[in-house]
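Subject: Structure handover

Hello,

Please find the structure below, followed by notes on what was found in it.

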Amino acid sequence: MRLVLDDVKVSGVSYHGVYISDCGLADECGAGRGGEGGGSEASIVVRLNDLKIDDSGNGHFDADVMRVDERSGGNIFFYAKGAEFTNVGADVLELDEGQEGGIFATVVDFEFDDNGNYCDGKVLDSFLPKEPEGEFEDGKVKEAVMPAAVTGTPDDSCIEREVELNDSGSVNEYEISLNFDDGFDIDEAGPGGLWALIVDTSVKRYHDEGLDFGEEDDGNLKLGVWKTEAKNNTDDGLKMVESGTGNVSALLAKLKSEDDGGKGAVFKQKDEGNFTVTVNKSRTAGNDDGKDSDLEVLQEGSGESNLRIVDSEIKDGIDTENVNVSEE
């Protein structure tokens, strides 16, 4: 399956601006996690050049302006250069791959700015419970007394409810919050890896993460970011999580991540695998609460983990776990 869009403009679409699916469940396929839905053995190849999308995804929850779903044995090969997205309700780009196969994505000269506003906080904040989150000691609180899922809003999908239980069955923590969208969201699950290159890109003023990449099950996660700015996002500027067995490697060169509500950049390895992050000629400042908030690099599984910082300004510090740090 191959799609090439060259100098194309899409506007006035209430749902997805462009949607490509190799999944038998169509738009109910969900993210790559779990690998729901069947598909063909074919890969999906997408090539975009000078694509402009305006006023899309403002009539339905999670109506990503550019979305690709792939299942079964194929890969996603995605290349895009010189795109402009304005007045978009959900994620600007979402690539979801489940089961066998990987994702290979290259994005050059993109602007992910001032989008993702379908779930309007000014309207929905009043529907949140008085105590929207909490954390408890083991054995103290039962799940049955947790606040129920919120209903009766203009769109109930905009409010998510998460309850984490201890092994004993009691509540560890819960949170009910607005379900916002990211700028660029990639989910890869099943055997296969995720490779992404982001160049000359701007991602600003999103209510969730600016760039959010996740890989599960067997497969490696590799990321290159060059001359990219993440600024004034409500959550992390950049988030990269490896949840299964696989190695993580990332190079951030000339990244500027400032004034984000979460961390400037987050890297997590949750299972077995080695972990290498290099930050070169980059700047992070003013993120989160200003305490060890610029970089978060966590090895929560097993493997050798290294963070190398070269000729960079990390103004508000680094939060690490089981990671060797060197600065040059």
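What is the torsion about the S-S bond of Cys119 and Cys158, and is the disulfide left-handed or right-handed? The torsion is about -80°, so the disulfide is left-handed.

Before the rest, the basis of the values. This is a predicted model, in which local features need pLDDT of at least 70, side-chain atom pairs count only at pLDDT 80 or more, and totals for chains, interfaces and linings use all residues. Residues are numbered from 1 along each chain as its sequence is written, and side-chain values use heavy atoms, with hydrogens and water left out.

Disulfide

A search of the whole structure finds one disulfide (a pair of cysteine sulfur atoms within 2.5 Å). Cys119 is joined to Cys158, with an S to S distance of 2.1 Å. Cys119 sits in the loop between β9 (103–113) and α1 (121–124), and Cys158 in the loop between β10 and β11, so the bond ties together parts that are 39 residues apart in sequence. Helices (H or I, at least four residues) and strands (E, at least two) are DSSP runs, numbered from the N terminus. Cys119 counts as buried at 3% relative accessibility, and Cys158 is buried at 2%. Here buried means under 20% relative accessible area, exposed over 50%, and partly exposed in between, with a 1.4 Å probe and protein chains only.

Open sheet

Three strands form an open sheet in the order β10-β12-β11, with antiparallel pairing. Its edge strands, each pairing on one side only, are β10 (133–135) and β11 (159–165). From one strand to the next the twist averages 10° (axes are lines fitted to C-alpha atoms, for helices over the stretch in contact, and angles run from 0 to 180 degrees between N-to-C directions). Two strands count as paired if DSSP finds at least two bridges between them. Three bridges link β10 to β12 (residues 171–178) in the antiparallel sense, and Gly134 stands opposite Tyr174 in β12.

Parallel pairings

Strand β13 (residues 184–188) has five of its five residues buried, so it is largely enclosed by the rest of the structure. Phe184, Ile186 and Glu188 are buried on one side, and Asp185 and Asp187 on the other. β13 pairs in the parallel sense with β8 (residues 93–97) over five bridges, where Glu97 stands opposite Glu188. Five bridges also join β13 to β15 (residues 211–215), again parallel; the partner of Ile186 there is Phe213.

In strand β14 (residues 194–204), eight of the eleven residues are buried, so β14 too is largely enclosed by the rest of the structure. β14 pairs in parallel with β9 over ten bridges, with Phe112 opposite Val203. Ten bridges join β14 to β16 (residues 221–231), also parallel, and Thr201 has Thr228 in β16 as its bridge partner.

Nonpolar cores

A nonpolar core is a set of buried Ala, Val, Leu, Ile, Met, Phe, Trp, Tyr and Cys residues joined through side-chain atoms within 4.5 Å. The largest has 56 residues, of which Met66, Phe78, Phe184, Leu223 and Phe267 touch the most other members. Its largest share, six residues, comes from β7 (residues 76–88). Leaving aside neighbours within four places in sequence, Phe78 is in contact (heavy atoms within 4.5 Å) with residues including Val46, Leu48, Met66, Leu93 and Phe104.

Regards
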